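Please keep the sequence and the structure in view while reading.

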Amino acid sequence: MCGIVGYVGEQSAESVVVEGLRRLEYRGYDSAGVVLVDDGRLVGDKRAGKLANLDKALAEAPLPRSTIGIGHTRWATHGPPTDHNAHPHRGQQGRVAVVHNGIIENFAVLRAELEGSGAELLSDTDTEVAAHLLEREVLAGCTLTEAMQAVARRLEGAFTLVAVDAEDDTRVVAARRNSPLVVGLGEGENFLASDVAAFIGHTRQALELGQDQVVTITRDAVEVSDFSGAPAEGKEYHVDWDLTAAEKGGFDWFMRKEIFEQPRAVADSLLGRHDDTGRLQLDEIRMSEDELRDVDKIIITACGTAFYAGLVAKYAIEHWTRIPCEVELAHEFRYRDPILTRDTLVVAISQSGETADTLMAIRHAKEQRAKVLAICNTNGSTIPRESDAVIYTHAGPEIGVASTKGFTTQLVACYLLGLFLAQVRGTRFGDEIAAVVDELAAMPDRLQQVLDDAESVYGLARELEGARSVLFLGRHAGYPVALEGALKLKELAYIHAEGFAAGELKHGPIALIEPGMPVFCIVPPRGRDFLHDKMVSGIQEVRARGARTIVVADEGDTSVEPYADVLLRVPRSSTLLQPLAAVLPLQLFACELATVKGHDVDQPRNLAKSVTVE
Ligand code: M6R
């Protein structure tokens, strides 16, 4: 939520900052703005709406060249998305400007205090109080770094702040608490951003910051302190992907590109996870085998698509390990006072590693002394850093707001975790585990086969452009796939879509079925015939009431043919691994339907990629 950029160096700060905002626009696109330091004054522009509006304004009224500046792309929390609520915000005298990601929870008290002493605040945002407070410190003689330390001590809530001072063209200063911030380390230039994507075209060396730290960048140095001013250190790392990964590569949308990247993302997420003898090794897990043997309950916590990956994981983990496994929405988790002990393993799944709800859930789990393992795609992000253990997925950057390769690689990580626990605890024989690992290794080719037939899904989407409501049915591991298919359609095509466990239909939802209503049915493979046959009965039930059935089924499953108005084939897989392939037609369908409806697929309305507020 909100993308922020800071730059100091030799290049045009306007170009570097605006380009950085373009790569961060997935984080919020309600408004955008930039401020540069120019010869003792601040110059800039800010506009409601997407970055294109700012681009246009800057083209019409160019800013003077400057080599130091900050910028922001907003997902609105306090105040509607208007020009005057857009960031950066300035202090009373226009000497200090600041951009902010997060929520300053005590802003009302601070605002009253400022107004009581004569300040005139111009926006509805929480951010503007920080600009005024910073400026007051600077006017009292502090450096911008000292001012940031002092102000950060007064703020409550979640914030990343990045600021410049008109009378100091050498430094950009930032503070972070519970919101993302990373430093890009260049030669004669340095960068600050919510995400490495903002500066990956300039440097792949980055510095990860801890909580409650202030960082000052100049052209040649980076200094980190805590909020009291005591020196602190960040952790340097190399980003293992480059600019091409953050570009569309000929696709119309990032989302479509990311759908097609899934065979590679799944393969990369499996790399190096077993030794020559076929035994799984998850070295990065950082928990001893004894600790893993002691686990007597698993609670998976996540939001959105990651939550659905967790629902699939429950079926696999319980089956392979016999450890009871609950799955809980992260924003509900701590409020229900879950029963946690030292032997509870809490698994937090998050593509971004910054989702505030999931972060708060793991903090609660740690307070209760449970062990926390993160499954995450973003190196150096907060959730893995605060967890006891981590399994990184290797999907590469996911920029489309709708998660696709994030989901399939999370499934891979969950399968690996379940199999590893089974290996450590001896609940499955080595050859059984090796057979699943072999099947996982075969999945990238199977995913590719589904993608090779994308055109038939696109044709269906074009045909259903006018659909007002679409249902998705599944059973067992296919049920979360149905939920995920419905979520994709809601967030991209803005039409009513719901996922149901097929067995639940007759308990109420079947009343929704109207003649011609499209109903996707995810059919489990044969092999667990009782499950398969029950799903086929569910299809018959909706068809008997006039639904148009779109059946996703294994190649070779002829038994479904009489009940399918449309048949989408996926390569035959085992029941537990089928979600990897079965979700692909649903992703393709949502992407294409949103495209034909003329929606912005990468930036759906009201959403942001990384939800860093609770
Ligand atoms: O970064 P996270 O995996 O923690 O994000 C969780 C959800 O916000 C995310 O999956 C969201 O539901 C996506 N927009 C779904 O496509």
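## Basis

This is a predicted model; local features need pLDDT of at least 70, side-chain atom pairs count only at pLDDT 80 or more, and totals for chains, interfaces and linings use all residues. Residues are numbered from 1 along each chain as its sequence is written, and side-chain values use heavy atoms, with hydrogens and water left out.

## Overall build

The protein has 18 helices and 24 strands. Both are DSSP runs numbered from the N terminus: helices are H or I with at least four residues, strands are E with at least two.

The C-alpha atoms fill a box of roughly 80 × 55 × 45 Å along the principal axes. The radius of gyration is 25 Å, which agrees with the value near 25 Å for a compact globule of 614 residues. That radius is taken over C-alpha atoms, and the globule rule is 2.2 Å times the number of residues to the power 0.38.

## Ligand site

The ligand is surrounded by 15 residues. A residue counts as near if one of its heavy atoms lies within 4 Å. Ser350, Gln351, Ser352, Thr355 and Glu491 are the closest. By class, the shell has five nonpolar, eight polar and two charged residues. Here Ala, Val, Leu, Ile, Met, Phe, Trp, Tyr, Cys and Pro are nonpolar, Asp, Glu, Lys and Arg are charged, and the others, Gly among them, are polar. Domain 2 (248-448) and domain 3 (454-596) each give at least three residues to the shell; the bounds come from an automatic or database domain assignment.

Polar contacts are pairs of N or O atoms within 3.5 Å. A ligand oxygen atom is 2.4 Å from an N or O atom in the side chain of Thr355. A ligand oxygen atom is also 2.6 Å from a polar backbone atom of Gln351. A ligand nitrogen atom lies 3.1 Å from a backbone N or O atom of Val401. The protein buries 90% of the 420 Å² that the ligand exposes when taken alone, by the Shrake-Rupley method with a 1.4 Å probe. Helix H9 (304-321) and helix H16 (478-493) are the elements that give two or more residues to the shell.

Strands E2 (residues 31-38) and E3 (residues 41-48) run antiparallel, joined by eight bridges. Strands pair if DSSP finds at least two bridges between them. Val34 stands opposite Asp45. Two residues separate the strands, and Asp39 has a positive phi near 50°.

## Two loops

The His87 to Pro88 peptide bond is cis, with omega near -5°. Pro88 sits in the loop between strand E4 (68-74) and strand E5 (89-90).

Asp212 has a positive phi near 55°. Its loop runs between strand E11 (205-208) and strand E12 (213-217).

Methods. Polar contact = N/O pair within 3.5 Å; in protein donor to acceptor, adjacent residues only side chain to side chain.
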